[in-house]
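I opened the notebook to look up a few things in one structure. The entries follow in the order I made them.

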Amino acid sequence: MLIDGFPAGSFQANCYVVAPAAGEECVIIDPGQDAVAGLDDMLREHRLKPVAVLLTHGHLDHVWSVAPVCGARDVPAWIHPEDRELLTDPGKGLSLLARQQLFGGLTFTEPDDVRELSDGAVLEIAGMAITVDHAPGHTRGSVTFRLPGERVMFSGDLLFAGSIGRSDLPGGDYQTILSSLGGVCLTLPDDTTVLPGHGPQTTIGRERANNPYLAEAVPFAGPTRGL
């Protein structure tokens, strides 16, 4: 498995490429602000051919470059329907002050091909089986992506090393994000690698032991995920 990434733009949102190996098809996760040049470098370095863009949620720092990336490669973008409107109006996911500061003359459009994610879906893309888990609380349409066989999760802005995503923006809710942490994260094996939307990678075990927010999360009573 090949996974590479970099923090994009002034928001430093992590953008990832994922492929079975170098020289094969890949998916791109969360192409944020000014991500195009960094993506081009990674794709060239690993000789990868993108076939889809996957979005963990619709906040601007994660979707800024989705239209140009999809347009240049003629690939679809996948997003949860609860966040789809943010592709064309990302200001709806921000505070009034942030909207006033960020959107002087900026306009955003959907990619030509947008497909909607659903909870529990398994995307058979680029020779990989990627599991989608709806994880609202940061936004209504936040999701995580899992590679169960690899024990890897792309957590977006649900879970960070030592912290969690904010829940005070439009569409966010603190009790909801705690429920998502319990149902999506606490069900995973401790050796699951977590690749977050911001900051360094971590593991479920490390966060279970040290992240104060996970102590508040409601444990999920259902079957363990990711095995």
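**Entry: helix H5.** I listed the buried residues of H5 and found Ile177, Leu178, Ser180, Leu181, Gly182, Gly183, Val184 and Cys185. I keep in mind that this is a predicted model. Next I checked the length of H5, which covers residues 174-185. Its twelve residues, at 1.5 Å a residue, should span 16 Å, and the end C-alpha atoms are 16 Å apart, so the two values agree. I then looked at the N-terminal end of H5 and found that Asp173 caps it. A side-chain oxygen of Asp173 lies 3.3 Å from the backbone nitrogen of Gln175.

**Entry: the whole chain.** I counted seven helices and 14 strands in the protein chain. The chain has 227 residues, and 53% of them are buried. I also looked up the contacts with a separation of 6 or more, and 63% of these are between residues 24 or more positions apart.

**Entry: His80.** Is His80 buried or exposed? I found a relative accessible area of 9% for His80, and buried means under 20%, so His80 counts as buried. I located His80 in the loop between strand S5 (77-79) and helix H4 (96-102). Its side chain reaches the backbone nitrogen of Glu82 at 3.1 Å. I then set aside the neighbours of His80 within four places in sequence and looked for other contacts. What I found was Leu117, His134, Gly141 and Val143.

**Entry: Glu82 and Arg140.** Glu82 came up again when I turned to salt bridges, as its side chain meets that of Arg140 in one (3.9 Å, N to O). Why does this pair tie together separate parts of the chain? Arg140 lies in the loop between strand S8 (128-134) and strand S9 (143-147), while Glu82 lies in the loop between S5 and H4, so the parts joined are 58 residues apart in sequence. I looked up the exposure of both partners. Arg140 is partly exposed at 43% relative accessibility, and Glu82 is partly exposed at 42%.

**Entry: other salt bridges.** How many salt bridges does a search of the whole structure find? I got ten. One pair I noted is Arg73 and Asp40, whose side chains meet in a salt bridge at 2.7 Å, N to O. This pair links distant parts of the chain, with Arg73 in helix H3 (residues 66-73) and Asp40 in helix H1 (residues 36-46), 33 residues apart. I found Arg73 partly exposed at 35% relative accessibility, and Asp40 partly exposed with a relative accessible area of 28%.

I also noted the salt bridge of Asp168 with Arg166, where the closest N and O atoms are 2.7 Å apart. Is Asp168 buried or exposed? Its relative accessible area is 54%, and exposed means over 50%, so Asp168 counts as exposed. Arg166 has 45% relative accessibility and is therefore partly exposed.

How values were computed. Residues numbered from 1 in each chain as written. Predicted model: local features only at pLDDT ≥ 70, side-chain atom pairs only at ≥ 80, totals over all residues. Heavy atoms only, no water. Helix = DSSP H or I, 4+ residues; strand = E, 2+ residues; numbered from the N terminus. Buried < 20%, exposed > 50% of the residue type's maximum accessible area, 1.4 Å probe, protein only. Contact = heavy atoms within 4.5 Å. Expected span 1.5 Å × (residues − 1). Polar contact = N/O pair within 3.5 Å; in protein donor to acceptor, adjacent residues only side chain to side chain. Salt bridge = Lys/Arg side-chain N within 4 Å of Asp/Glu carboxyl O.
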